[in-house]
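These are my notebook entries on one model. I set down what I looked up, entry by entry.

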Amino acid sequence: KCFDIVSSGINAEYGEHMVKNPGVKGAQRFRDRFEQFLYDIRGKMDELEMMMGDMKKKYTIATGHFGETSSVEPETFFGYINTFMNQYKDAKEILVKKREDEERKRKKQLQAMSSAEQSRPSSRRAR
């Protein structure tokens with residue numbers, strides 16, 4: 001689709017150029033080489049256009065899963081996801097640190113209780 005537009009544009013420009021400048025050499029050679037270039041890359045460009053369409057469909061599905069429309073800019077959408085992931089990571093680190101602190105505190109309490117029990121006279125332990 002895109003190539004047809006470019007090719008017809010090249011032919012139109014070539015025709016106009018040849019009318020205005022009939023004595024200029026190299027215009028036909030340029031046109032031939034450019035059309036060969038378009039022919040050579042046509043398959044790759046068709047593949048890229050198909051991949052782009054597939055990507056747009058997948059982006060629409062992804063944004064829908066997060067309650068957004070596909071009209072939201074990708075930078076904004078992926079910025080939301082990045083922010084969420086960073087905040088999740090930070091929250092997880094805070095929870096891990098809190099658990100470790102609680103574990104240390106509990107071990108200290110158990111150690112203190114054990115030390116207190118060992119420091120009692122043996123007659124009390126026998127009861």
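**Entry 1: Thr-63.** I looked up Thr-63 and found it in helix 2; helices here are DSSP runs of H or I with at least four residues, and they are numbered from the N terminus. Its relative accessibility is 0%, so Thr-63 counts as buried. I took buried as under 20% relative accessible area, exposed as over 50% and partly exposed as in between, with a 1.4 Å probe and protein chains only. Leaving aside residues up to four places away in sequence, I listed Glu-68, Thr-69, Ser-70, Val-72 and Phe-77 as touching Thr-63, where contact means heavy atoms within 4.5 Å.

**Entry 2: basis of the values.** I note that the model is predicted, that local features need pLDDT of at least 70 and side-chain atom pairs pLDDT 80 or more, and that totals for chains, interfaces and linings use all residues. Numbering runs from 1 along each chain as its sequence is written, and side-chain values use heavy atoms, with hydrogens and water left out.

**Entry 3: helix 2.** I checked the span of helix 2, which has 39 residues (27-65): at 1.5 Å a residue it should span 57 Å, and the 53 Å between its end C-alpha atoms agrees. The expected span is 1.5 Å times one less than the number of residues. Where does helix 2 bend? I found a bend of about 45° at Arg-42, the bend being the angle between axes fitted to the seven residues ending there and the seven starting there. Besides Thr-63, the buried residues of helix 2 include Ala-27, Arg-31, Leu-38 and Tyr-59. After helix 2 comes Gly-67, with a positive phi near 75°.

**Entry 4: aromatic rings.** I counted six aromatic pairs in the structure. Rings of Phe, Tyr and Trp (its six-membered ring) pair if their centres lie within 6.5 Å; planes under 30 degrees apart are stacked, over 60 edge-to-face, and the rest tilted. One of the pairs is Tyr-59 with Phe-78, tilted, at 6.1 Å centre to centre and 50° between the planes. Tyr-59 belongs to helix 2 and Phe-78 to helix 3 (residues 74-119), so this pair ties together parts 19 residues apart in sequence. I read 12% relative accessibility for Tyr-59, which is therefore buried, whereas Phe-78 is partly exposed at 46%.

**Entry 5: salt bridges.** How many salt bridges does the structure hold? I found four, each a side-chain nitrogen of Lys or Arg within 4 Å of a carboxyl oxygen of Asp or Glu.

- In helix 2, Asp-54 and Lys-58 are four residues apart, about one helical turn, and their closest N and O atoms are 3.4 Å apart. Asp-54 is partly exposed at 37%; Lys-58 is exposed at 54%.
- In helix 3, Lys-97 and Asp-101 are likewise four residues apart, about one turn, and their salt bridge is 3.7 Å from N to O. Asp-101 is partly exposed at 32%. Lys-97, Asp-101 and Arg-104 are linked in a network of salt bridges.
- Glu-103 and Arg-106 are three residues apart in helix 3, about one helical turn, with closest N and O atoms 2.8 Å apart. Glu-103 is partly exposed at 30%, and Arg-106 is partly exposed at 46%.

Definitions and conventions. Helix = DSSP H or I, 4+ residues; strand = E, 2+ residues; numbered from the N terminus.
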